[in-house]
Every structure is written in structure tokens, then in C-alpha cells.
Amino acid sequence: MFPVLAFLVGLPVVAAIVIALIPKSRSELLLPVAFGLSLLPLAVAGYMVWTFNTAGGFQWVESTIWLQQLRIGWTVGVDGISLFLVALTAFLFPISILASANISDRLRGYLVSLFVLETGVLGVFIALDLVLFFVFFEIVLIPMFFMIGIWGSSNRRYAAIKFFVYTAFGSAFLLVSIIALAVNAGPALQTISFQWNELAQVPMTSTLQTWLFFGFAIAFAIKVPLFPLHTWLPDAHTEAPTAGSVLLAGVLLKMGTYGFIRFNLILFPEATVKYGKWIALLAVIGIVYAALVATVQPDIKRLVAYSSVSHLGFIVLGIFALTLTSVQGGIIQMVNHGLSTGALFLLIGMIYERTHTRKIADYGGLASTMPIFSGFFLFAVFASVGLPGLNGFIGEFMVLIGSWQTFPVLTVVAASGVVLAAVYLLWAYERVFTGPPGKANKDLEDLNPREIAILVPIAFLIVLLGVYPKPVLDRMENDVNAVISRIEQSTSYERPTFDLEGQLRISVPAEQGNNSSGESSEGSE
Amino acid sequence: MGNIAFLPIGLEVALLVGAIGVLMVAVTMGRSSRDWAVVAGAAIGVGFVISVRQWVVVGESGTQLAFGTKGADGLAVANQMVAMDKFGALGGMILMVVVGLALIGSWQMVKDLGSRGAEFVALILLSAAGMHMMIVSANLIMLFIGLETASIALYVIAGFLRNRRGSDESAMKYFLMGSFASALFIYGVALVFAATGSTSLYGSTSIGQFLAGNAMPNPGILLIGIGLILVGLAFKMSAAPFHQWAPDVYQGAGTGAVAFMSTGVKVAAVAAMVRVLYIGFFQFYDDWSMAVALIAALSILVGTATAIAQSDLKRMLAYSGVAHAGFLLIAVLAARVSLDAMWFYLATYAVSLVGMLTVVTVVAGASAGPVSIESFRGLGKRSPMLAAAIAVFMFSMAGIPGTSGFVAKLVVFTAADLSGFRWLVVLALVASVAGLFFYLRIIVVAFFEDSDTEETPLTLTGPRIAIGFAVAVTVGLGLWPTLLLDFAREALPHL
């Protein structure tokens, strides 16, 4: 069988090498070639989405042992949970390259960093070996560190180091936990192994499970980021170049939420049920707190950065609510957030190129000078706020519906985040776009064709996912179901379900295993 | 039979002949450093080939001991002094690679020294011979001789730039404290002899045999002896709290000399420690493992915490070396389940460090004493390849995936966790995050800041090869660690 995933991850590596080999005299070729090469992983990802078997399970699995005595190897596969994250990653990179036309300093290194980043992120989403996952999880830091540090704005050094050290701190706990997990499983497996599927079968004491659950959770919580570990994010997002912010928000943060599902939920079901509510609580605090902080930001990019923290809270809430609807909502919201926040960062990047300021107070009246720009901006704001008919609505609505059954109080509080999002984003829109244009903003040029070409595909997907999310939900449904069923089998947890009269009740044993088609149809509406 | 008997000490003989050869060439044929390079290079090359030959011979006919005294019956050979095993052979190969790289890196300094350069080269070869003797010694007395041969040469190397005051001072400091550590070491050997009646690691009259045959209800004297031996070796590898000499010596000595000093002696001391502790005193594993674990923890904490505050690159590397001594001591503990992890850490750290110091010689000059981190400012623009090499070495020392440093930490920590030292693993990993502060700072200065000068450091062919080799090893073993791990798994000491 053709190794599709090795090919997928290998393409950006090859692209990085090709870019590095383009002679200095032909540096005008760098951007077009990079853009062309970045379309290849997108084509592969498109093929994967198209041919994905909706029955679920891991597909395109490859397994080769790399280090025999520790059973570390290239074990990869894609299931319904990771499929759309892979697709989102492959989609956002060509966009990011198009959005980098203004980079003039050391363009070659910049593009190489981008492709290394793409390798790392794709690797994270497909790895089924814990060490392999960790390697990709960490490798991502290096290109991002350079992107913020070299091509960022004024306070870039501080932001780059803070970003790197903060996330590496979480990774240290992740590595300890991975090692402890493998050592614990050693006697049962007769060998040290870092294979995810082998480790998932070995039982462990609940004390160890608790420790390891939090070891993994710290690393992912920093990455997401979860309140109160979010302080690196506003700095990193604000200082990074446009493409860096788009990718940070679009895919890097999703590595954390994805990690929660793939590792915490599956490896430590008991601890998940026991402590999931505390993580959900942090997520909800984050939703409200970040929304409030976003409201008072004078810097538009920082505002969007805080809105990311708030939106990611919904995803984490959905994941730990452990119902089919909420987890599905969480996953689709990962994609949605990548699109809508990505679009916002792109738009802010475009206006920053013209005005070189990010202060909301310096703007005003852009709607009259830049009508196309303000149209797109309003559209992205609506997507981010969760206007019905656009993608954000689907994700947040599913999360709230699904979580209501497990965490009613938390969900009510979280729902206020939707309102607050409307407050801070629309208020920002009002200050930036309405009123009479100031002197500095009178002669701004509206978007050029290249910039419109960047935004149109995102807008298209925002509408598509908002109107017709069924293909996406269908592809992830069975795998999400399997995750929750697994938790039900190994703990006393049982997912709450609606009975026929529509009243909420806690279901009794009748429903064991994977059979839950009745509930899933409700999720996809 | 004749050549077989000399094979176990072939490497030492080659280096000795090389050292004398360099001096003779300098006296008779003039001061062309090119001639010395040929002789020294030949000696190191022959040394490497002999190590390979030892590996092959051991593989065919087993480990063997050599150079003993005749026993009581006048025939049987007792108290063998040197062990020939794959442990010593691999140690020899690593040492030869490191010495070769370090000499290439310091060659500019040798040229600057003029006619005295030959002495410098000869001293390095002599010191390397002593280091290898430490690895292969089968007797604590022999180990002491190796230790002193290596150290005395190092004292002179540290103070070789005698016209600079810092160099003198640091060499004096090194000499006084080093002699003190050597005295403690030999006192420890004496106490062990008092307790067990032996200084031999192997054979029927060895320490291990005595301990196996005699229960020791009150092992106080023996434990003090083991402790003092540990102190002596910990001093050489600059583990805390025996590390105070390292920053001053690194800063005072010429950069070219530091490359050899900092790596070679660590390789020798760690390997010797593994052989002595596991072969000699395995019955007391529970006692000495706790001591080693405490020294490791202290080294990691002290090294990391003080390295953050340094503004001088060589002092920073010295303190990071203290932290790495701690990691290496964890590897010593982990050698119980996986000796290959220890070898892997040792070899990859040594190569990365030599590579890094070679870059320093290129950027700041081979004879320079203090080297401010500021001298790397803007290197990413002035000389992208050198800056990229720095990034590779720093990421490797910090343990970032994609480099050999990550694999080294992974295998060592997994083995340490298996041996029951999880607290040490947690501490080490958290400390390595703190370590990012100073490793990243070098990268930040080199890549993120612009310099006032447009001056491009001149990289000669020699350093270019050494740096390229070190980068290739660091990245290559990061991606294909089995190349070394499979090999190192066989490198067990004679039992």
C-alpha cells in the first residue's frame, strides 16, 4: 500500500529543501515556488477527506519500528478525529504563504521555517506513537520560535523566548509522563513500548492514572491555552508576523485540544471522569475571563488573541463534557476557529501593512475608505461571534447543547461567552470602521486582488461549514462515539441521553457499546 | 602472542609515541605546524584503528586482562592492571574522535603559540593517553596513575597562555584544587584497600571477590573509601559541589584548549566511574547509588541556576557542563539497565560541545580568554552557516527533538525511570526547561539581533570540517540513533 501519510509529512520536508536550494540570483522565485509546493499537501489532504471511510477507525496506518529496544517507531494513522485537523493544517499553509508577500528580510529562511512547521503540525495530528508525537509536538516550537523572533514586531525577543520556554515547560511534564506510562506498562507488555495502541490496553492504578492525567493535561493546557496558563499567548500572537499568528491560532493551539482527546480521554478514562469537571471549570473561567479582558484591549491584534483563549474554552468544555454532541462540537469548533480567527488575523495583517499601527484608537471610519475590507472583516466577525448560517454557530451550539447534559451550570456560564464575544468584536468593529475617517485613514487603498484571493476560500469554507456540516460530522461520528464508549466501558460513567419524550434523564444500562445511532442523528442537525 | 599482549595498551603507546614524535619533529625539522599536525593526526588515527582492532579481537576471543605480576606459584598471573574489552575499545574510539576534533578546533591557537605549539600538542596527546588509561584500568592504582597523567598535563594546558594573567590564575586554581581531589581519591583507594585487602577490580583477589565472600556488618571504612573515590572522579567531571574550578579554568584558558579539557576528561571520568562502581562495588549499589543520585541532583540544580546568570559564553558552557555532569551521573545510575544509554549520552554531548567550542574559536579567536555572548551578535546575518551550527548544538544540549541530545535524554531518562529514580527524572526534565533560558539566549543573540559590524568570521578548512562533522553527528544520531545505540549495547566491561 502506498504510504500516504509518510508522503503527506514528507512533502513539506522536500519543499523546505527545494526552497533552500533555489539560487540567490533567482530569489524572485521563492514565493511562487513555495506557494506551488504548499498546494501539494493540500491536494493529499483533499484526497484523504474525499476517500475517508465513514465507518471510522484509523486509516492509512503505517507502522515501522525505529528504535527496537524501546519500541519507538513511525506509527501513524488518521481517524475521524484527526482528519479535519490535518485538512485544516494543509489548507492554512498555502494561505499563510500568500499572506507573506511583504516579508523581504531573509525570505528563504522564513519559508523554510514555514515548511518545517507544517511538517511538525501534520506529524502531531497523525502520530500514534507517544515519542513520535512528542518529537513533532516539540519540533513545532523551533520554527515558530524563529518566526516570532526574527520576523515579529517590536517586542519579539521577549515573546519568542516566553513562547518557547512556557510550552517547553509543559512538555517536560509530558515527557516524564510518557516515560512513566511506558515503564508502568513494561511488565504487562513484556517490553518497553511507546506504541499508543499497546499502552492504551494496559491497566494502571488510579493513583498513577491521576498523576499521568495531570502530567499530560499540563502540557496540553499550556498549548490550548487554558486559564491560568494562557499568558504566553497574547504576547506570541501579537508579536508574531501575520502568518505566524494565523498558524498559531489556526492549528498550533489545536495540538493541545487534540491531545486532550487522543491521550487524556483514551489513556486515562478513570481520571478523565473524575477530574474532567475541573478542567471544564478552568475552560469556562477562561471563556468569561478572556472575553472580559478582550473587551478592554486597546490593541486589535491582542483583542483577537484573547478572543482565541475564550473560543478555545468552548472546545475544551465540549471535550470534557463527554457526550457525542459536545465532543463533535468541540472538534468541528477547532476547524471553525481556525478559519474565522485565521481570517481575522489575516485582515489585521492587511490593515497593519497599510497603517503600521494596531491601536484601535488610531482607526475609525474605515468602512467608507475600504468598503471591501470592512465587508470581509464584518463577515469574519460574524463567523467568530457565531451568527447562525456561518460555521461558528454550529460548533458553539453543539458544544453548548452537548455540555448542558453533563455540566448544566458551567454551560450556562459559558453561554455568556457568546454574548460577550458579540460585545467585544462588534464594539471593536464599531470603533474601527464606523464614523468619519481620520486624517491618516483617508487615503488607504482597499484590498488588492491578491488579498481578496486569500480571503475568498476561507469565506467559502465558513459558509459551507455553516450551512452543510453533515459531511464533516459524518466522518467523525463513529470515532468520537468509540472514544466515549471506551470511557463508558472502563469506568462507571454513562453518557446522559434524551429519551423519546425529550426529557432529560440519566440512561440505565440498556445502552452498552457502540450502538447509539438514535443520538447521533440529533448531533448532525 | 607477542603483539597480542601489547594490544591492550596499544592506544596509549600510539599516543605516547605521537607525543614524543611531535616534540622530536619540532626540535629537528623546524617549527612548521603542518608537520606536527601530520604526526599528531597519525597518532590519533593509529589510536582509533587500534581501538577498532581491540573491538574486533574482543569480539572474536573475548575480553582479556593484561599486565599483571606473577602469582605465588610463580606462574599464574595476578593483579592484572589493564582490561581489554569492548567498553575500553568504544571509549578509545570516542576519545580519539573527540581529541581529533578538539585539536582541529585549537589548531589556530597552536599556530599562534609559535614554537611552543609543539609542546601544547604533545601535552594534549599525553593527557589523552592518561584518559584512556582511566577507562581501561583494571586496578584502582592504575586508575590513579591514569588520572594523574591526564590531570597534570591538563594543568599545564590550562595555563599555557602564560603571558595572560587570567590564564595563570585559573591554572593555579585548577592545579591546587585538582591535587586536592587527587589526594582524596588516593586516600579513598587506601581506605578501600584497608577494608578489603585489594585494589584490584578483577581476578581471584579482587575487591568484588572479597565482598562476595565476606559479609561486612560495619562497612564504614569501605563506604568512606568509595565516597572519596567518587569525589575524586566527580571533581574531574566537574559535578557539583566539586565544580568551582571549571568556570574559571574555561574562561582563563584559550578556547582551543577548553574544547579538549571539557570533553575528554568527562568521557574518561564517567566511563571510569561506571567500571569502578559496577565492577568493584556492585554489592553496595544501594549505598553509592544514593550518593551518586544526590550529586547528580545538586549538579543539575547548581549548574542550571548559575548558568542562567552568566554573560560570558565560556562560563555559561562551564556551568551548563556542570548540569550535564549531573545528567551523566543519572546515566551512570541508569547504566544498570542500559549501558548503551550512558555511552550515547557521553558521545553525543562530547561531540556537540567540541563542535560548539570550535565555533567559538572561529568567532572569537582560538587564543581568546573571556568570550562575551555579545560577540555572537548578528551572526545569523554575517555568517548563516556558523549560526545554524550554533543553533543545532544549542538545541542538542537543550534536548530538543531532531538532535542527538533529545534521544540521549530520552534513553537515559527511560533507563533511570526503570531503575527507580523517577524523582531524579522529574527534576532533570524541569531543570532542562530552565536550561532553555541560556541555550536559547545564544540563539537569540545570534539570530534576532543585528550587529554593528558586517565582519564575517573567517572559517578555515580545518574548523569547517570539524564543525560540519559535529553537526552531522548531532543531527544524524538524532534521526538514526540506532547507528550508535546498537553498537554501544555490546560495549560492556569485562566481568
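Start by selecting A:E488, which sits in helix 20 (residues 470-490) of chain A. Keep in mind as you look around that this is a predicted model. Is A:E488 buried or exposed? Its relative accessibility is 11%, so A:E488 counts as buried, the cut-off for buried being under 20%. Now show its surroundings: apart from neighbours within four places in sequence, A:E488 is in contact with A:Y493, A:E494 and A:R495.

**The two domains of chain A**

Next, colour chain A by domain, with residues 1-267 as domain 1 and 272-525 as domain 2. The centres of these two domains, taken over C-alpha atoms, are 22 Å apart. Where they meet, domain 1 of chain A puts 55 residues into the contact and domain 2 of chain A puts in 52. About 4,600 Å² is buried between the two domains, and carbon and sulfur atoms give 74% of that area. Select A:F84, A:F227 and A:L265: they supply 15% of the area that domain 1 of chain A buries against domain 2, more than any other three residues.

Which polar links can you look for here? The interface of domain 1 and domain 2 of chain A has 13 residue pairs in polar contact, counting pairs with both residues at pLDDT 80 or more. Highlight helix 11 (242-267) of chain A among the elements on the domain 1 side. Helix 11 of chain A gives the most to that side, with 14 residues. By class, the domain 1 side that touches domain 2 has 36 nonpolar, 15 polar and four charged residues.

**Salt bridges inside the chains**

Over all chains, the count comes to 18 salt bridges. Zoom in on A:E198 and A:R71, whose side chains meet in one of them at 2.8 Å, N to O. A:E198 belongs to helix 8 (residues 196-199) of chain A and A:R71 to the loop between strand 1 (59-67) and strand 2 (72-78), so this pair ties together parts that are 127 residues apart in sequence.

Move on to A:R358 and A:D299, another salt bridge, at 3.2 Å, N to O. This pair also links distant parts of the chain, 59 residues apart, with A:R358 in the loop between helix 14 and helix 15 of chain A and A:D299 in the loop between helix 12 and helix 13. Both A:R358 and A:D299 are buried.

Then hop over to chain B and select B:R315 and B:D248, which meet at 3.1 Å, N to O. B:R315 is in helix 14 (residues 313-334) of chain B and B:D248 in helix 11 (residues 245-252), 67 residues apart. B:R315 and B:D248 are buried too.

**Where chain B meets chain A**

Finally, show both chains together. The contact takes 37 residues from chain B and 35 from chain A. Together the chains bury about 3,200 Å², 81% of it on carbon and sulfur atoms.

How many salt bridges cross the interface of chain B and chain A? There is one, and you can find it between A:R157 and B:E449, at 3.1 Å, N to O. Three residue pairs are in polar contact between chain B and chain A, both residues being at pLDDT 80 or more. For a last stop, colour helix 19 (422-448) of chain B. Helix 19 of chain B makes up the largest share of the side that touches chain A, 13 residues.

Methods:
Residues are numbered from 1 along each chain as its sequence is written. Chains are lettered from A and ligands numbered from 1 in the order in which they are written. This is a predicted model: local features need pLDDT of at least 70, side-chain atom pairs count only at pLDDT 80 or more; totals for chains, interfaces and linings use all residues. Side-chain values use heavy atoms; hydrogens and water are left out. Contact means heavy atoms within 4.5 Å. Buried area is the accessible area (1.4 Å probe) that two parts lose on being put together, summed over both. A salt bridge is a side-chain nitrogen of Lys or Arg within 4 Å of a carboxyl oxygen of Asp or Glu. A polar contact is a pair of N or O atoms within 3.5 Å; within protein, one must be able to donate a hydrogen and the other to accept it, and residues adjacent in sequence count only if both atoms are side-chain atoms. Helices (H or I, at least four residues) and strands (E, at least two) are DSSP runs, numbered from the N terminus. Buried means under 20% relative accessible area, exposed over 50%, partly exposed in between (1.4 Å probe, protein chains only). Domain bounds come from an automatic or database domain assignment. Ala, Val, Leu, Ile, Met, Phe, Trp, Tyr, Cys and Pro count as nonpolar, Asp, Glu, Lys and Arg as charged, and the others, Gly among them, as polar.
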